[in-house]
Amino acid sequence: MERVKKIKSGDVRTASRLIRNLEDGMDEARAMMKHIFPLTGHSHVIGITGSPGAGKSTLVDGLVESFRKKDKTVGVLAVDPTSPFTGGAILGDRIRMQRHAEDPGVFVRSLATRGALGGLAKAVGDAIHIMDVMGKDIVLVETVGTGQQEVDIINHSHTVIVVLIPGMGDEIQAIKAGILEIADIFVINKADREGSSKLRREIMAMLDMAPASAFPAGWRPPILKCDNAFEPVGFTKSLEEMSQTIENHYQHLVKHDLLGSRVHRKAAMELNEAIRCSVLDPVLSALAANGELERMVEQLMKKDTDPYTLAEEIARRYLKTAP
Ligand SMILES: Nc1nc2c(ncn2[C@@H]2O[C@H](COP(=O)(O)OP(=O)(O)O)[C@@H](O)[C@H]2O)c(=O)[nH]1
Ligand SMILES: [Mg+2]
């Protein structure tokens with residue numbers, strides 16, 4: 001495949017087009033992923049999550065610089081599963097990332113909700129694969145912390161960074177979303193603000209309560225404080241520490257044979273997403289297109305039947321076991 005070769009050589013235009021076509025759900029793009037997948041496995045994928053405005057993009061931007069100084073090539077994927085209204089934020093990120101635009105060692109893309117019927121995590125997984133095959137040493141995935149979809153997205157990572165800021169009641173939100181369980185590194189951002197020591201104590205207390213089994217081979221998530229982004233010297237130092245901690249985490253995974261379990265988690269989820277796209281989505285679309293879905297909802301409202309019976313009927317119709 002000519003285009004696969006191009007992506008392998010790092011061709012930005014071919015890679016961008018493939019990512020866009022995948023987002024649009026084009027069959028031909030999906031088929032191409034079959035040739036991309038076997039070539040993956042090079043990148044260290046780092047997920048960065050936290051509430052909107054926590055300073056994730058600012059950190060990502062700084063991390064790019066820090067990794068570039070170490071001569072690592074970097075892919076950046078900004079994902080916003082929350083709403084169609086954040087296009088502006090992503091646009092802002094784009095402008096900020098412009099300073100890396102001239103650097104062939106950096107590839108930046110953003111994914112929004114466009115065309116994703118529960119398939120955003122899959123689109124993210126695919127985009128990561130593409131950056132991986134492009135040869136990026138590091139892939140940074142930035143996403144907003146909300147609910148299950150976000151956990152699915154972040155599960156594509158080998159290293160998960162949770163960004164919290166003082167005085168937001170963030171901890172509580174993160175616990176709800178199940179994000180804390182998958183954090184490998186905590187970053188207290190905007191540590192210049194009041195309440196950062198309190199936040200640190202709260203995270204400590206939460207980690208203290210966790211069973212030892214929550215820390216694979218003894219990796220207790222470190223809590224880093226990140227200095228004010230507007231004070232370049234301190235900020236750069238914080239980022240050096242962060243990129244070193246990220247590196248340490250990766251070494252820990254390798255040393256204790258834990259990379260496999262991350263890859264397993266990732267593979268299981270990708271299969272899940274792929275099956276959803278190939279099985280569930282077409283069934284739901286077909287039922288929606290012929291109006292059946294709506295009729296069923298009305299039946300339910302009248303209590304003529306129940307969702308379980310309906311789902312069983314659909315299963316009987318679509319899931320034929322081998323004769
Ligand atoms: N006070 C303060 N503001 C910051 C810091 N880092 C980022 N910001 C600002 O917070 C806002 C949101 O940052 P952004 O990186 O876009 O957050 P994201 O939504 O998590 O990606 C921007 O206006 C940043 O300039 C920091 O360390 N201290
Ligand atoms: Mg952002």
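Tutor: Let's begin with the salt bridge: a side-chain nitrogen of Lys or Arg within 4 Å of a carboxyl oxygen of Asp or Glu. Here, the side chains of Glu28 and Arg3 form one, at 2.6 Å from N to O. Glu28 sits in helix α3 (residues 27-36) and Arg3 in helix α1 (residues 2-8), so this pair links distant parts of the chain, 25 residues apart.

Student: Before we go on, what kind of model is this?

Tutor: This is a predicted model, in which local features need pLDDT of at least 70 and side-chain atom pairs count only at pLDDT 80 or more, while totals for chains, interfaces and linings use all residues. Residues are numbered from 1 along each chain as its sequence is written, chains are lettered from A and ligands numbered from 1 in the order in which they are written, and side-chain values use heavy atoms, with hydrogens and water left out.

Student: What counts as a helix or a strand, and how many are there in the chain?

Tutor: Both are DSSP runs, numbered from the N terminus: helices are H or I with at least four residues, strands are E with at least two. This chain has 13 helices and 7 strands.

Student: How many salt bridges are there by that rule?

Tutor: The count is 8. One of them joins the side chains of Lys69 and Glu240, at 3.5 Å from N to O. Lys69 belongs to helix α4 and Glu240 to helix α10 (residues 232-255), so the bridge ties together parts that lie 171 residues apart in sequence. Another pairs Arg220 with Asp208 at 3.0 Å, N to O. Arg220 is in the loop between α9 (196-209) and β7 (223-225), and Asp208 is in helix α9, so the parts tied together are 12 residues apart in sequence.

Student: Is Lys69 buried or exposed?

Tutor: Relative accessible area decides that: buried means under 20%, exposed over 50%, and partly exposed in between (1.4 Å probe, protein chains only). Lys69 is exposed because its value is 56%. Asp208 is exposed at 54%, while Arg220 is partly exposed at 32%. As for the whole chain, 46% of its 323 residues count as buried.

Student: Which residues does Phe67 contact, apart from its neighbours within four places in sequence?

Tutor: Contact means heavy atoms within 4.5 Å. With those neighbours set aside, Phe67 touches Ile46, Lys72, Val74, Ile138, Leu140, Ser243 and Ile246. Phe67 lies in helix α4 (residues 56-69), and it counts as buried because its relative accessibility is 1%. Phe67 and Gln244 are 177 residues apart in sequence, yet 9.6 Å apart in space, C-alpha to C-alpha.

Student: Which residues gather in a patch of positive charge on the surface?

Tutor: Patches are made of residues with over 30% relative accessible area and no salt bridge; like charges are joined within 9 Å, and nonpolar side chains (Val, Leu, Ile, Met, Phe, Trp, Tyr) within 5 Å. Lys and Arg count as positive, Asp and Glu as negative, with His and the chain ends not counted. The place of a charge is NZ of Lys, CZ of Arg, CG of Asp or CD of Glu. In this model, Lys6, Arg13, Arg17 and Arg20 make up the positive patch. Helix α2 (residues 12-23) gives the largest share, 3 residues. Arg13 is in helix α2, and Arg13 counts as exposed because its relative accessible area is 66%.

Key:
Areas by Shrake-Rupley, 256 points an atom, 1.4 Å probe, with all protein chains shown as cover.
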